[in-house]
Amino acid sequence: MKDLQEKIERLKKKGVVLTIQRLAVLELLENVCTHPTVDDIYKVLKEKYPTISQATVYSTLELLKDAGVVQQLCIRKDKACFDPNPKMHHHFFCRRCEKVLDIPIKCPVSKQGEVDGHKVEEVQAYLYGVCVDCLKVAESKT
Ligand code: ZN
Ligand code: MN
């Protein structure tokens with residue numbers, strides 16, 4: 001909850017007008033750890049806000065992204081998904097259940113800040129495979 005309050009303050013300082021719908025997108029994202037897509041967010045919010053459009057959800061996410069309070073991941077090849085944690089961290093994509101999970105690895109490149117004379121500003125690691133839950137299901141079937 002502290003995070004949400006901080007984000008609201010930050011957006012206000014940037015002059016972003018927080019409409020009910022924009023706030024709803026921010027709030028929903030803050031309370032999930034599933035890295036939802038625009039579609040996922042839209043489907044949930046539509047229950048409570050029947051007038052909300054997919055375009056509103058999309059433009060709100062763009063706005064929140066530009067303000068630096070959320071980040072967009074391109075780990076899924078077909079669609080973008082969103083993360084309420086704007087800080088750099090790495091992700092794992094399960095090819096079976098299509099879950100996007102945070103993984104606690106440290107990238108040596110991000111620490112160094114320099115590779116071959118290039119200045120590194122950002123590192124995003126996307127790892128692909130089968131998650132621990134799906135592996136368990138596969139095991140129990142054999
Ligand atoms: Zn899985
Ligand atoms: Mn994440």
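**Conventions.** I number residues from 1 along each chain as its sequence is written, and I letter chains from A and number ligands from 1 in the order in which they are written. Because the model is predicted, local features need pLDDT of at least 70 and side-chain atom pairs count only at pLDDT 80 or more, while totals for chains, interfaces and linings use all residues; side-chain values use heavy atoms, with hydrogens and water left out.

**Entry 1, the zinc ion.** I looked up the donors of the zinc ion (ligand 1) and found the SG atoms of Cys-94, Cys-97, Cys-131 and Cys-134, at 2.3 Å. Donors here are N, O and S atoms within 2.8 Å of the metal (3.2 Å for Na, K and Ca), and since water is not among the atoms, sites may look incomplete. The angles among the 4 donor atoms run from 104 to 117°, and the site is tetrahedral, a label given to four donors if all angles lie between 85 and 135 degrees. Along the sequence I read the spacing of the donor residues as C-x2-C-x33-C-x2-C. Helices (H or I, at least four residues) and strands (E, at least two) are DSSP runs, numbered from the N terminus.

I then checked accessibility, where buried means under 20% relative accessible area, exposed over 50%, and partly exposed in between (1.4 Å probe, protein chains only). Cys-97 is partly exposed at 31%, whereas Cys-134 is buried at 15%.

I located Thr-60 in helix α4 (residues 54-66), where Thr-60 counts as buried at 2% relative accessibility. A polar atom of the Thr-60 side chain lies 2.7 Å from the backbone oxygen of Thr-56. Leaving aside residues up to four places away in sequence, I noted that Thr-60 touches Arg-22 and Val-25, contact being heavy atoms within 4.5 Å.

I looked up His-35, which is not a glycine and yet has a positive phi of about 55°. His-35 sits in the loop between α2 (20-30) and α3 (38-48) and is buried, with a relative accessible area of 6%. I also looked up Asp-116, another residue other than glycine, whose phi is positive and near 55°. Asp-116 lies in the loop between β5 (114-115) and β6 (118-119), and at 72% relative accessibility Asp-116 counts as exposed.

Notes
Tetrahedral: all angles 85-135°; square planar, octahedral: opposite > 155°, others 65-115°. Polar contact = N/O pair within 3.5 Å; in protein donor to acceptor, adjacent residues only side chain to side chain.
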